[in-house]
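Thank you all for coming. Before I say anything, please take a moment to look at the sequence and the model on the screen.

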Amino acid sequence: MAPTEAAPLEAAPTEVGRDFIRDIVQADLDAGRTQTVVTRFPPEPNGFLHLGHAKSICLNFGIASEFGGACHLRFDDTNPTREEQLFIDSIQRDVRWLGFDWGEHLHYASDYFEQLYAWAEHLIRAGNAYVDDTPPEAMRAQRGTLTEPGQNSPFRYRSVDENLDLFRRMRSGEFPNGARVLRAKIDMASGNMNLRDPVLYRILHAHHPRTGDAWSIYPTYDFAHGQSDAIEHVTHSVCTLEFEDHRPLYDWLIEHLPVPSRPRQYEFARLNVSYTVLSKRHLTRLVTDKHVTGWDDPRMPTIAGIRRRGVPAAALREFVGRVGVARAYSTVDVAMLDSAIRDTLNPIAPRRMAVLRPLKLIIENYPEGTTETLEARNHPDNPDAGVRSVTFGRELYVEQDDFMENPPKKFYRLSPGKEVRLRYGYFVTCRSVEKGPSGAVVALRCTYDPASKGGNAPDGRKVQATLHWVAAADTVPAEIRLYSHLFNRPDPGADGDALADLNPDSLEVLSGCLVEPALLDAPVGEAVQFERTGYFALDPDSQPGRPVFNRTVALRDTWAKVQAGTNR
RNA sequence: UGGGGGAUAGUUUAGCGGUAAAACUCCCGGCUCUGACCCGGGCAUCCUUGGUUCGAAUCCAGGUCCCCCAGCCA
């Protein structure tokens, strides 16, 4: 039977049930509760975006594109005392780099200040909000505790007219910071602290990056967020778990205001990653206290730092996809990130040779004063990547780690009497070593087998190891920066101050590295594989003829594990 | 007896009454002109105690542990 017409008329089966939020969206669509899905990514522009934001960005923009909807980028700029244009710019750059497009939908909560203000008056008129003159400390005392109900403010029963008058005067700038606030009149005895007459507006004589000095009062997050969602017709307002307690307030405001749409808030567990921190507070401190060189320090878990390290956006998306979305508190092993980076880079990264810690190798039977050109593949599995020329000669450099004078049993690499292959080159055998005054090996004296040119011996004999190398006659000096975990424990700060857990060795700068000349053409930020070592990307700090490379991620190193095991 | 959430391998996640699935890590082995990649194999008292059921990670009841909330931050 040839079921020629069996192809379903429906488009490819929608990928349903990938996580509980997508389940909800699908169900809303199926039930007709939602016509077009609208999500939003709502950062406050007070810092750089990090891995945690990447999860939220992929979720919100991902849902929008999977369900044929839209995702807005909205700046939650309701607190001018901590927000800067620098962050607004960096956030847009990072979201774009991650591969997402908000189209026409670049919004700011500050765009809605006038509307929000009108709604505040609406609440006052309905007797649902009041101006409170209680000083902050007294207000805190009146709020009660987790186990005791709060006390009503003495200002709670002001007349609508008085409230309106005072609120307008707050707006006009008549009162100093902190003199009064506008509060929702809900329930001072609620078990949910957010419902104990939450503050909706506060007086802030501060210059706003976008509205300048037009306002002397600013809405709080709670008063701005849900209403902004409603104005933009956001259908699914996805945020992290710590806002769960705010949902009843979110809903209360939506229900008491004449908003144009009915958004719903859903929460998921925020991302935590081992050996790093993802709180703005900590990241800001790392930058301001100069524990790192900046927000884009390659050790930082920021998008900018990760990008500078050489990680492609696709790797971040892959990582986020592997991590999943759920409501359970969790900390992802940073090894999962590394794995996603390697898996993304392996099929596409061009191969090059670079010697990080050079050790001279002299081929005694190679004709002096001559060199030759060999062909090296740019990718082992992809012939389309082509080949390049590398220079071979009598004097070469190999990796110090690739030689041991007294090797342990499982050491495959070079040692006196041992034969190995130089990648794309010849078989060489170590005959003797030269030592410096301190007794350290400074050069290896070897012989080569001219018949093994290209990497294979005609007699079919095998070698256990293939080493990368660089020719003394044709090499470029480079600086290479090796990065490791910023913190030296998987849960920084678990015992107190996270900064006390900083890893003092998170950056190792290698200055005497030698790389093949083809690397001079490497584009900034795009990782290449240094064979047998790892993925590296050119850093903007590079000078002409003096490249600087960042290690994006190391290759898996089974030998290092074996060694670590035997040393124990 | 404040309110709100969460517990599935070392780590994330799937499972939605039919006898635990995937990725990462780790261990063993194979392959290899990268000790990479790749390919085999291994690694789970489903927090706990009871109950319902022919059958429970899934349903019910009671415990335990963990997280969030007392900003005029978001």
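Tyr221, Asp222, His225, Gly226, His246, Tyr250 and Gln265 line the largest cavity, where a cavity is a set of points, on a 1 Å grid over the protein atoms alone, at which a 1.4 Å probe fits but cannot get out, and a lining residue has an atom within 4 Å of a point. This is a predicted model, in which local features need pLDDT of at least 70 and side-chain atom pairs count only at pLDDT 80 or more, while totals for chains, interfaces and linings use all residues. Residues are numbered from 1 along each chain as its sequence is written, chains are lettered from A and ligands numbered from 1 in the order in which they are written, and side-chain values use heavy atoms, with hydrogens and water left out.

The structure holds one cavity of 30 Å³ or more, and about 40 Å³ of space lies in the largest cavity, a volume being the space filled by probe spheres set on the grid points, which are joined across faces, edges and corners. The helix α7 gives the largest share of this lining, four residues; helices here are DSSP runs of H or I with at least four residues, strands are runs of E with at least two, and both are numbered from the N terminus.

Let me turn to a pocket, which is an open set of points with protein on both sides within 12 Å along at least five of seven lines. The second largest pocket holds about 880 Å³ of space. Its lining has 34 residues, of which Pro42, Glu44, Tyr221, Phe243 and Lys280 are the closest to the centre. Which element gives the most to the lining of this pocket? It is α2, with five residues, and among the elements that supply at least two residues each are β1 (38-41) and α7 (221-231).

Finally, there is RNA strand B, which is surrounded by 66 residues, the closest being Arg351, Arg413, Arg421, Gly454 and Thr558; a residue is near the strand if one of its heavy atoms lies within 4 Å of it.
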